[in-house]
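Subject: Handover of a structure and notes on its contents

Dear colleague,

Please find below the structure that I am handing over to you. My notes on it follow directly after.

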Amino acid sequence: MQIYWTKINKIIDETPEVKTFLLDLPEGFTWEEGAHTHLALEGFNAGDQPNKSLVRHMSISTLPNEKTVGITTRIKELCSEFKSILRNLEVGDKVALFKIHSNVPLKRQNRNIYLLSSGVGLATFRPLVLSYLERPDNISRIHSLNIDSTKDYLFTDIFESAPVKNFTSQYVDNRKDYYEEVKKLAADRDGLFYVVGSDEFIMQNIDTLREQGIKPEQIVLDKRERQLPNFFPVETTI
């Protein structure tokens with residue numbers, strides 16, 4: 001396993017609770033839209049066994065052509081040891097990256113794509129939207145639906161409706177309205193529905209979509225294949 005040690009080159013306070021850490025791009029480190037990586041803090045591999053409390057799965061919120069690895073995360077006042085250390089890191093501090101994988105690359109199948117997320121889940125979808133806007137080939141349109149009660153919306157420069165490019169962005173601030181909108185989107189029986197959020201959020205979206213007649217193979221989760229049976233019955237796993 002290759003470990004890429006790199007430095008923080010910029011820290012952006014996106015909202016009062018959300019930060020983006022822009023990391024120097026290590027040589028040989030590459031990924032595709034929708035990818036996640038392991039982010040590790042200094043000392044994680046100092047002992048005989050890795051200190052897992054200093055390692056987290058993180059979505060990469062940038063594309064390779066931006067020449068930086070973006071990690072966007074919510075850090076609440078009361079948080080884990082990992083988040084507490086991360087919050088206090090500064091430009092120039094070292095972190096490690098390893099194990100890159102993408103569960104949610106863009107499917108270019110001449111269909112509509114619906115991006116369903118909660119709050120900071122937009123970080124996973126930012127590179128998908130950028131990739132689509134740069135090259136819309138074989139995608140009919142993309143619609144983003146995000147629930148965020150704080151109204152401190154992320155990446156407003158990207159998640160801004162652009163009808164001429166067949167991209168629309170929508171926000172709601174409560175669950176009732178959110179799931180009503182999901183039902184409306186599910187009227188598209190041929191659409192692809194990408195879902196990012198907590199396991200509870202994912203299950204509620206799957207239940208709502210399935211009730212409207214959407215098939216499991218139309219629902220794309222940011223989960224490894226071995227995890228899918230936790231969300232779909234075994235006989236309907238993709």
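Val91 lies in the loop between helix H1 (81–87) and strand E6; helices (H or I, at least four residues) and strands (E, at least two) are DSSP runs, numbered from the N terminus. This is a predicted model, in which local features need pLDDT of at least 70 and side-chain atom pairs count only at pLDDT 80 or more, while totals for chains, interfaces and linings use all residues. Residues are numbered from 1 along each chain as its sequence is written, and side-chain values use heavy atoms, with hydrogens and water left out.

Val91 is exposed, with a relative accessible area of 52%. For this term and its counterparts, buried means under 20% relative accessible area, exposed over 50%, and partly exposed in between (1.4 Å probe, protein chains only). Not counting residues up to four places away in sequence, Val91 touches Ile8, Asn9, Lys10 and Ile11, where contact means heavy atoms within 4.5 Å. Between the C-alpha atoms of Val91 and Gly70, which are 21 residues apart along the chain, the separation is 13 Å.

Gly92 also belongs to the loop between H1 and E6. Gly92 is partly exposed, at a relative accessible area of 35%, and it is in contact with Lys7 and Ile8 once its neighbours within four places in sequence are left aside.

Val55 lies in strand E4 (residues 55–59) and counts as buried, at 16% relative accessibility. Leaving aside neighbours within four places in sequence, the contacts of Val55 are His38, Leu39, Ala40, Phe44, Phe82 and Phe98.

Most residues other than glycine have a negative phi. Lys99, although not a glycine, has a positive phi of about 55°. Lys99 is found in strand E6 (residues 94–102) and is exposed, with a relative accessible area of 52%. Asn166 likewise has a positive phi, near 60°. The place of Asn166 is in the loop between E8 and E9, and its relative accessible area of 40% makes it partly exposed.

Helices H3 and H4

How are H3 and H4 placed relative to each other? Helix H3 (residues 175–185) and helix H4 (residues 199–211) pack at an angle of about 45°, with their axes 9 Å apart. Here axes are lines fitted to C-alpha atoms, for helices over the stretch in contact, and angles run from 0 to 180 degrees between N-to-C directions. H3 and H4 are therefore oblique to each other; angles under 35 degrees count as roughly parallel, over 145 as roughly antiparallel, 65 to 115 as roughly perpendicular and the rest as oblique.

In this contact, Arg175, Tyr178, Tyr179, Val182 and Lys183 of H3 meet Glu200, Phe201, Gln204, Asn205, Thr208 and Leu209 of H4.

Which residues of H3 are buried? They are Tyr178, Tyr179, Glu181, Val182 and Leu185. Seen down the axis of H3, these fall within an arc of 155°, so they line one face of the helix; the arc is that of the directions from the helix axis to the C-beta atoms. They pack against strand E7 (111–118), strand E8 (139–147), strand E9 (167–172), strand E10 (192–196) and H4. The exposed residues Lys176 and Lys184 are carried on the face of H3 turned away from its buried side.

Yours sincerely
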